[in-house]
Amino acid sequence: MAKHSFQTEVGQLLQLITHSLYSHKEIFIRELVSNSSDALDKLKYLTLTDDQFKELSFEPRIDISFTDDGITIQDNGIGMNEADLTEHLGTIAKSGTKAFLGQLTGDTKKDSNLIGQFGVGFYSAFMVADTIDVFSRRAGEDQAYQWSSDGKGEFETAPVSSEQAGFEGQGTRIILHINEEGKEYANRWQIEQVVKKYSNHIAFPIFLHYDEKQYDDKGKEKGTEAKVSQINSANALWKRPKSELAESDYHEFYKTIGHDTEDPLFYLHTQAEGTLEYTTLFYVPKKAPFDLFHADYKPGVKLYVKRVFITDDDKELLPSYLRFVRGVIDSEDLPLNVSREILQQNRVMVNIRNASVKKLLGEFTRIALEDKETYKSFIDEFNRPLKEGLYSDYANKEQLLELVRFKSTKEEGWVSLEEYKSRMLPDQKAIYYITGEKEHVLRNSPLLEAYKKKDIEVLIMDDEIDEIVVPGIGTYKEVELKAVNRSDAGEDLKEKKDKKKEKETQPVVEKIKKALGDRIKDVRVSVRLADSPSCIVMDESDPSFQMQAMLKAMGQ
Ligand code: ADP
Ligand code: MG
C-alpha cells in the first residue's frame with residue numbers, strides 16, 4: 001500500500017468541490033461516463049491501428065450499478081496502471097489550473113458549470129462520495145491496481161487481484177461510497193434520467209443494473225430479479241439524417257460533448273457527399289468558454305474518422321479565431337492512423353477545414369441578417385475572436401468585415417461597417433474611429449467635438465484588440481478607415497482654408513513650438529476642435545499610443 005499526497009492544486013480544488021459547489025451535483029455521472037467513453041475510444045483506436053491489440057476481442061461497454069450506499073461505474077477501456085493512477089488521479093496536468101481556480105465566482109451554478117468545462121471531471125465525484133475506490137488494469141498488462149481516497153489531501157495505491165478488482169481483463173471500475181448528498185442518485189430513475197440528459201449519445205452502450213420486484217399471480221411480492229438494460233441510444237448522432245433529428249436531440253448532444261449545462265446558442269449540421277464525404281456538427285455556446293483567451297485553451301472540436309474517435313486535442317481543426325466552436329468533424333476519407341503532423345497538411349483535412357470555415361461564416365452571416373437578437377448575444381461573447389480573424393484569415397476578410405461590430409457615437413449597441421457606410425454624409429471621405437481603453441473617456445474626447453458638430457459618425461473602439469486589428473483593415477468597400485487621433489483625419493472637417501486666420505495665429509504657433517522644443521513633431525492650427533483649445537494627435541506614420549505601450553511591454 002503506497003501513500004501519496006495530491007498535488008497542491010488538486011487539494012485546493014477538492015476543497016472547493018466539497019465545500020462550495022452544491023448545484024448540478026448530478027454532473028459527476030456525466031464526468032465519469034465521459035472518462036469511460038474516452039478510455040473506450042482509446043482502446044478501440046489501438047485495436048484498429050496497433051498490432052499488439054489487433055487480436056483483442058473487445059466489445060466496448062459501460063456498466064452502472066448501485067446499492068443503498070454506493071454507485072459503481074465500470075468500463076472495459078484502456079485502463080490505468082499504478083503510475084497512470086498516481087499521475088491522472090493525483091495531479092492536474094493542465095497548466096491552466098490556477099487560472100481556473102481564479103475564475104471561480106462563488107456563484108455555485110456558474111462554478112459547477114466550470115468544473116465540467118475545465119475537465120476536472122473525475123474529482124467532481126467527491127461532491128457525492130465520502131470515499132472513492134478505483135480498480136483498474138491497463139490493456140496489455142497483467143496487474144490490476146486499486147486507488148483509494150477520501151479526497152482530503154491524500155490517496156493510496158496498491159496492487160490487487162482480479163477478484164479484488166471485481167473484473168477480468170482490462171478496464172476500470174470506480175466505486176463511489178456515497179455521502180448524504182449522493183443518496184438521491186443511488187436509484188434507477190435518477191441514474192437513467194441523468195444519463196439520458198448528458199450522455200445519451202456517447203458512442204458506446206451504457207447498461208444499468210437494477211433489481212426488479214417480482215409478483216405472483218395474486219399480485220403479491222415474491223422477491224426481486226436482477227435486470228440489466230441499456231439506457232442510452234449509443235449512436236453517432238451526427239450520422240443520422242437531419243430529418244430524423246429534433247432540436248432537443250441536438251441540444252442534448254451538445255451537453256454531452258460541450259460539457260455545458262445550458263443549451264447552445266445555435267448549431268450547424270452539414271452532411272457533405274461528393275468528392276469528399278464528411279459530416280460536421282458545430283455548436284456555438286451561449287457563453288464564451290472560460291479559457292477563450294488562455295494560450296493553452298482546450299479546443300472544442302473532436303475529429304472522427306468513420307465514426308472512430310481520433311483526437312479532441314488538435315488546435316488546427318479550425319482556425320484559432322473560431323476556437324469557441326464546439327462539435328464534431330467525421331471524415332470518411334482520412335486514414336485511421338492519420339498522424340498529427342500529417343493532419344496539418346493533409347489535403348482532405350485542409351479541404352474540410354476550409355469548407356467548415358465557409359459554412360460557419362455563412363451561418364453567422366445568415367443569423368446577423370435574420371435573427372438580430374441571437375446575433376447580439378453572439379457578438380456580446382465572440383466579437384473579439386472574430387476580429388482576430390481579420391488579421392489571421394485574409395481569405396475571408398471581406399466576410400469577417402461584415403460580421404464584426406463596433407460601438408458608435410450615433411447609435412446605442414452594436415453597429416456594423418455597412419450601417420456606418422449607409423449613414424455617411426454625402427461627401428464624407430472616410431470611416432472615422434477613435435481607439436483607447438475606456439469607452440467613456442473616448443466618448444468625451446475633445447477629438448470628437450468637431451465631428452459631432454458636423455454630424456459625422458465616429459466608431460468608438462475600446463477593445464484592446466481594435467488597436468492591433470483595425471489599422472490593418474485599410475478600407476471597407478473602398479472607403480478608408482481613419483483614426484481621429486491621426487493628423488490626416490481632418491479631411492472632412494476642413495472649412496475653406498482661412499489664410500487670414502492662419503497668418504494671425506502664426507506667432508502663437510511659433511511660441512508653442514519653441515516652448516515644447518523636441519518633445520513634439522509639429523504644431524498646427526486645427527479645424528478639428530470646437531470647444532477645447534488644443535489637443536495632441538499622432539502623425540499619420542507613427543504608431544498609436546496603445547501600440548507604443550504594447551511595443552514597449554514587448555521590449556521593443
Ligand atoms: P479529463 O477527462 O479532462 O482528462 P478527468 O479528471 O475527468 O479529466 O480525468 C483525469 C484522467 O484520468 C483522464 O484524462 C484519464 O487519463 C484518467 N481516467 C479517468 N477515468 C478513467 C477511466 N475510466 N479509464 C481510464 N482512464 C481514466
Ligand atoms: Mg474527464
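These are my notebook entries on a predicted model, looked up piece by piece.

**Ground rules.** Residues count from 1 along each chain as its sequence is written, while chains are lettered from A and ligands numbered from 1 in the order in which they are written. Since the model is predicted, local features need pLDDT of at least 70 and side-chain atom pairs count only at pLDDT 80 or more, but totals for chains, interfaces and linings use all residues.

**Confidence.** I checked pLDDT, the predictor's confidence in each residue, from 0 to 100. The chain averages 88, and 89% of the residues score at least 70. For the complex, the predictor gives an ipTM of 0.99 and a pTM of 0.74. A note to myself: where pLDDT is low, the predicted coordinates should not be read in detail.

**The five-stranded sheet.** Here I took strands (E, at least two residues) and helices (H or I, at least four residues) as DSSP runs, numbered from the N terminus. Two strands pair if DSSP finds at least two bridges between them. I found an open, mixed sheet of five strands in the order β15-β17-β16-β19-β18. β15 (407-408) and β18 (475-476) are at the edges with a single partner strand each, so one side of each has no neighbour in the sheet.

Then I looked at β16 (residues 430-435). It runs parallel to β19 (residues 479-483), joined by four bridges, and Ala430 has Glu480 as its bridge partner there. β16 also pairs with β17 (residues 458-461), again parallel and over four bridges, with Tyr432 opposite Val458. Five of the six residues of β16 are buried (20 or more other C-beta atoms within 10 Å of the residue's own; exposed is 12 or fewer, partly exposed in between, with C-beta atoms placed from the backbone).

**Strand β11.** How many residues of β11 (residues 278-284) are buried? Seven of the seven are, so the rest of the structure largely encloses this strand. Tyr278, Thr280, Phe282 and Val284 cover one side, and Thr279, Leu281 and Tyr283 the other.

β11 pairs antiparallel with β10 (residues 266-272) over seven bridges, where Phe266 partners Val284. The hairpin of β10 and β11 has five residues between the strands, and Gly274 takes a positive phi near 135°. β11 also runs antiparallel to β14 (residues 326-331), with six bridges; Thr279 partners Asp330.

**Cores.** A nonpolar core is a set of buried Ala, Val, Leu, Ile, Met, Phe, Trp, Tyr and Cys residues joined through C-beta atoms within 7 Å. The largest one has 63 residues, and those with the most contacts inside it include Val325, Tyr432 and Val458. Helix α11 (residues 372-392) gives this core its largest share, six residues. I also noted a second, separate core of 49 residues, with Val10, Ile62, Met80 and Ile174 among them.

**Two helices.** Last, I looked at α2 (residues 27-49) and α7 (residues 188-199). Their axes come within 9 Å and cross at roughly 60° (lines fitted to C-alpha atoms over the stretch in contact, with angles from 0 to 180 degrees between N-to-C directions). Ile29, Arg30 and Val33 in α2 meet α7 residues including Ile191 and Tyr198, contact being C-beta atoms, placed from the backbone, within 7 Å.

Key:
Contact = placed C-beta atoms within 7 Å.
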